[in-house]
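Could you walk me through this protein model? I'd like to know how its inside is put together, in plain words.

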Amino acid sequence: MNRDFDRRQFLKLAGLGGAVFASGLAGGVRAATAPAADFFFVQLTDTHWGYKGPANPEAANTLKRAVAAVNALEATPDFIVFTGDLTHTTDDGKERRKRLAEFRDIIGSLKVKTVRFIPGEHDASLDRGEAFQEFFGATHHTFDHKGVHFVALDNVSDPTGAIGEAQLKWLAADLAQLDRNQEIVVLAHRPLFDLYPQWDWATKDGAAAVKLLEPYANVTVFYGHIHQEHHHMTGRIAHHAATSLIFPQPAPGSQPKRTPVPWDAAAPFKGLGFRQVGAKAGSTALAVKEVALKA
Amino acid sequence: MLRRRDFAAALAAAAGLAAAALVAPQIVRAGGPRVLRIKARKFEFTPREIVLKRGEPVVLELESLDRRHGFELPSFGLKGEFVPGEITRIAFTPDRAGRFGFNCNIFCGDGHDDMEGDLVVTE
C-alpha cells in the first residue's frame, strides 16, 4: 500500500468501496504511463456452465444471477473480462460447443457489450482451444484502455498448463514496446506462480512470464482457477485470484484433497461472486472490490 | 517430463534433487533398484498409494492405459508423463519420510481434479 496516496479520494473517484492495491514505485503517480482517465472493469471467472453436481445445486441459475448482479451495479463498468472456465469440461466436442453457445447466450444479457474472454482448462485443454476460438476468438491478446495496457494470456490450451515458447516470445515482443513505468494488467486463468502445484495450481512455465514482466514497475495480474480470493506478491508484481461463480475451493493445502467446499443450504451462493477493479487517472494504484453473489 | 527426447534436460533439472531419469530399460538390471509400476487411466492412479523406504532407490515406471496423463510429485521435484504405448521411467531415492501427494498435471477431463495419489515414505 502506498502511504502517500490519498486513499479516501481514490475510493471516491473509483466509485468503489474495496481495498486499494498500489502497484509499483513510491508516489503512485506516473502521469505519462498511468491511466489517462478514471474507469473500472469487472472480472468474472470460473462460471463452469454445464456443471451438474452437489457442490452447486443451483448451477443452472448461478451465471444468470451473476449477469443480473453485474447489470444492477450502481455504476456501469467500462468493460467485463471473463478469466476462464466459462464452461465445465466435457469429452464430447459437440456438447462443449453447446455449452459455449449457451454461455454466450446468457452473458448476451449483460448491459455492457465490451466483454473480453480467455479460456480455462475446462474450455480449452481437451481440444487445444479449438472450440473456444470458434466462439470467442484468439485465446491470447492485448488491448489498451484509457492508458492501461492489458495482456490476456492463455496458460490452458496446452494441457500441461503451459504458456509455451511461442506465446512467451509474443509476450516479450509486446512488452518490449512499453515504457518500464507503463501500467500493465495481465489476465490469466491459472496462477503464474507456484501457488500449490500439488493441486495443479500453477503454470508450468509461469516463472518465464513473470521474469519477462519483472522489469516493469506497475504490473498487476488478475486470474481465476482456484475458486477463491487470494492475494500474493512476486517481487513487485501483485497477483489477485477472484472467487468463482460455481463453487468455492478450499484454501491451498488446507485439507488433504482438493474437494469443493460443500454447498451450504443455509447460505446458498456463499463464497461465490465477482470483482470490480478501479483505476484512477494519473495513478498506478488499483482499487479492488470483491462482490459477493447474493441469495 | 522424462521422455526420451527430454532426457538430457530432465537429467540436468533433476540434479540436486536426489532424482534422475532413466530412459533405457536395460539400465535397470537384476539386483538394481526396485521397480514399481504406476498405471494411469481416467481418473485414477493404480496403485493410488505407493509405499517406499527412505533411502531405498526405486524406479517408477509410468504406464498409461488410455490417454496422456501427467505425474507430478512436487515435494521431490519429480515430473513425468504417462504416454500411451510408452513406458516412462523415473529413478528416485526418497531422502525423507512422510506422506507426500502426487497428482496428474495434464488436464484429462471432468475427473482430473480427483486424479491424485500419495507416496508414503517410511523410516
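Strand E3, strand E4 (115–118) and strand E5 (141–145) of chain A each give at least two residues to the lining of the second largest cavity. Keep in mind that this is a predicted model. Among the lining residues are Phe82(A), Arg116(A), Ile118(A), Phe143(A) and Leu187(A).

Two of those names turn up together again: Arg116(A) lies over the face of Phe143(A), 3.9 Å from the ring centre. There's another such arrangement where the charged end of Arg180(A) sits over the ring of Tyr216(A), at 5.3 Å from its centre.

Now for the rings themselves. Over all chains, the count comes to 25 aromatic pairs. Take Phe41(A) and Phe222(A): their ring centres are 6.0 Å apart and their planes sit at 85 degrees, so this pair is edge-to-face. Phe41(A) belongs to strand E2 (residues 39–44) and Phe222(A) to strand E8 (residues 218–223) of chain A, so the pair ties together parts 181 residues apart in sequence. Both residues are buried. Phe135(A) and Phe136(A) have ring centres 6.2 Å apart and planes at 40 degrees, so that pair is tilted. Ring pairs also link Phe39(A), Phe41(A), Phe79(A), Phe143(A), Phe150(A) and Phe222(A) into a cluster, and Phe143(A) is the ring under Arg116(A).

Note on methods:
Residues numbered from 1 in each chain as written. Chains lettered and ligands numbered in written order. Predicted model: local features only at pLDDT ≥ 70, side-chain atom pairs only at ≥ 80, totals over all residues. Heavy atoms only, no water. 1 Å grid on protein atoms, 1.4 Å probe; cavity = no way out; pocket = protein on both sides within 12 Å on 5 of 7 lines; lining within 4 Å. Helix = DSSP H or I, 4+ residues; strand = E, 2+ residues; numbered from the N terminus. Phe/Tyr/Trp six-rings, centres within 6.5 Å; stacked < 30°, edge-to-face > 60°. Buried < 20%, exposed > 50% of the residue type's maximum accessible area, 1.4 Å probe, protein only. Lys NZ or Arg CZ within 6 Å of the ring centre and 35° of its normal.
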